[in-house]
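User: Could you take me through the sheets of this model and how the helices sit against them?

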Amino acid sequence: MHIFIVGARGYKAKYGGWETFVSKLVDNYHDNNTIFHISGLGDNDTHDVKINDNIYLDNFYIKQNGGIKMFLCTIKAFNYYLKYIKDNKLNNCYIYVLGLKLGPLLYLKKHTIKKLGIKVLVNPDGLEHKRSKWNYLIKKCFLLSEWSMLNNCDLIICDAIGIKKYIDNKYPKLTNITKYIAYGTDKIDLSNVNETEILKEYNLHKDKYILMVGRFVPENNYELVIKEYMKSDIKLPLIIVSNLSSSNYYNELTTKLDCLKDKRIIFINGIYDEIKLSVVRKNAYAYIHGHSVGGTNPSLLEALSLTKLNILYDVCFNKDVGKKSCIYFDEKKSLSKILNNITKYDRKKMGKECQEIIKNNFTWDIIVDKYKKIFK
């Protein structure tokens, strides 16, 4: 069996949710009869880079920069894989498209896909047309792409219950090919790790800070969180771990809010070492998750597996995961009031409930097993 994955930046790429998903899926698949072909961005076109006997990486060079880069990479990879499957006369092939980056291409290539016996899966991600980074025209293009891709694939994979409900309501005829499979996570073993030394590296102390992790984009509600934090009376600092060096929004927002004058607001440029980030998560007094767009976010699952007290933005994607084990805020439910009363919550009890949610629903063993039932 050959599974071709397009739409992410590659295998072990340090960027975001798709990249985390791809690496974790293939690393935990453990089936000698399955070969993964993963497309990614590269400085030049390099194909069939062997990672091991079951994982091959194909890099594609895209000259253009900006938001269009991943669209072009996904289209280039998709066309390359169609030709690769045809030239090598491969059977039992799946192409798994992450995101809505192909537009009408699935329809245009429908005859070729059917002739080659390929099954196409699409993961639409989470309401891409609502992301603030896109202008009006691009948002409309996403809606068109959504309609075209979902109506011309064999299976739709939703990584959040809220996304499945959205598709079921909007496209009732596609209900029978729409399936919910979340992201996964595994609790990192920190038993042999010197946590004190790692915390010292970032000038942190156990239970003496509030944590926020995620890409620095508007839909992750950094502006709301920082405003509410500055308004609150909490003494603990807010540690924000994000892609600061590659985000124009970071400079815009810190200037707008003048938040760097508040000594409680501390920014740390991305921590991409899994062990170090897990230590930082585990030792936080609480975690704030501001994501408002998207499916089941990997950073949320990682937080629930490690952090005792989790404060989430009140949106269905987050509530479907955290349920009653977390605290929720939004523009109306004051985060500053939650912070002012943060010591009143039973961290031990809530933390245990969060870990049970992860253990029973979101481990990679559970998630990969669901994918194996699809890739038969």
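Analyst: One convention comes first: two strands pair if DSSP finds at least two bridges between them. Helices (H or I, at least four residues) and strands (E, at least two) are DSSP runs, numbered from the N terminus. The model is predicted, so local features need pLDDT of at least 70, side-chain atom pairs count only at pLDDT 80 or more, and totals for chains, interfaces and linings use all residues. Residues are numbered from 1 along each chain as its sequence is written, and side-chain values use heavy atoms, with hydrogens and water left out.

User: In what sense do S10 and S11 pair?

Analyst: Strand S10 (residues 238-242) pairs with S11 in the parallel sense, over five bridges. Within S11, Asn269 stands opposite Ser242.

User: Which strands form the open sheet that holds them, and in what order?

Analyst: Six strands make up that open sheet, in the order S11-S10-S9-S12-S13-S14, with parallel pairing. S11 and strand S14 (327-329) are its edge strands, each pairing on one side only. From one strand to the next the twist averages 25°; axes are lines fitted to C-alpha atoms, for helices over the stretch in contact, and angles run from 0 to 180 degrees between N-to-C directions.

User: Now H9. Which of its residues are buried?

Analyst: In helix H9 (residues 248-257) these are Tyr249, Tyr250, Leu253, Thr254 and Leu257. Buried means under 20% relative accessible area, exposed over 50%, and partly exposed in between, with a 1.4 Å probe and protein chains only.

User: Why are they on the same side of H9?

Analyst: Because they cover an arc of only 125° around the axis, the arc being that of the directions from the helix axis to the C-beta atoms. The face turned away from the buried side carries the exposed residues Asn248, Glu252, Thr255 and Lys256.

User: What do the buried residues of H9 pack against?

Analyst: They pack against helix H8 (222-231) and strand S11 (265-269), where contact means heavy atoms within 4.5 Å.

User: And the ends of that helix?

Analyst: Ser247 caps the N-terminal end of H9, with a side-chain oxygen 3.4 Å from the backbone nitrogen of Tyr249. Just after H9, Asp258 takes a positive phi of about 55°.

User: Change of topic: what is the strand order in the eight-strand sheet?

Analyst: The order in this open sheet is S3-S4-S2-S1-S5-S6-S7-S8, and the pairing is mixed. Its edge strands, strand S3 (46-52) and strand S8 (178-180), each pair on one side only. Neighbouring strands are turned by 25° against each other on average, direction ignored.

User: Which strands does H2 touch there?

Analyst: Helix H2 (residues 68-87) packs on the sheet and touches strand S1 (2-6), strand S2 (35-41), S3, strand S4 (55-60) and S5; its direction makes about 145° with that of S2. Elsewhere, helix H6 (residues 161-170) lies across strand S7 (155-158) and S8, running at about 165° to S8.

User: Is S4 mostly covered or exposed?

Analyst: S4 is mostly covered, as six of its six residues are buried. Ile55, Leu57 and Asn59 point one way, while Tyr56, Asp58 and Phe60 point the other way. In a regular strand the side chains alternate between the two faces of the sheet.

User: How many bridges join S2 to S4, and how many join S3 to S4?

Analyst: Six bridges join S2 to S4, which run parallel, and Gly40 stands opposite Asn59 there. Four bridges join S3 to S4, which run antiparallel, with Val49 opposite Leu57. A hairpin through two residues connects S3 to S4.

Conventions: Polar contact = N/O pair within 3.5 Å; in protein donor to acceptor, adjacent residues only side chain to side chain.
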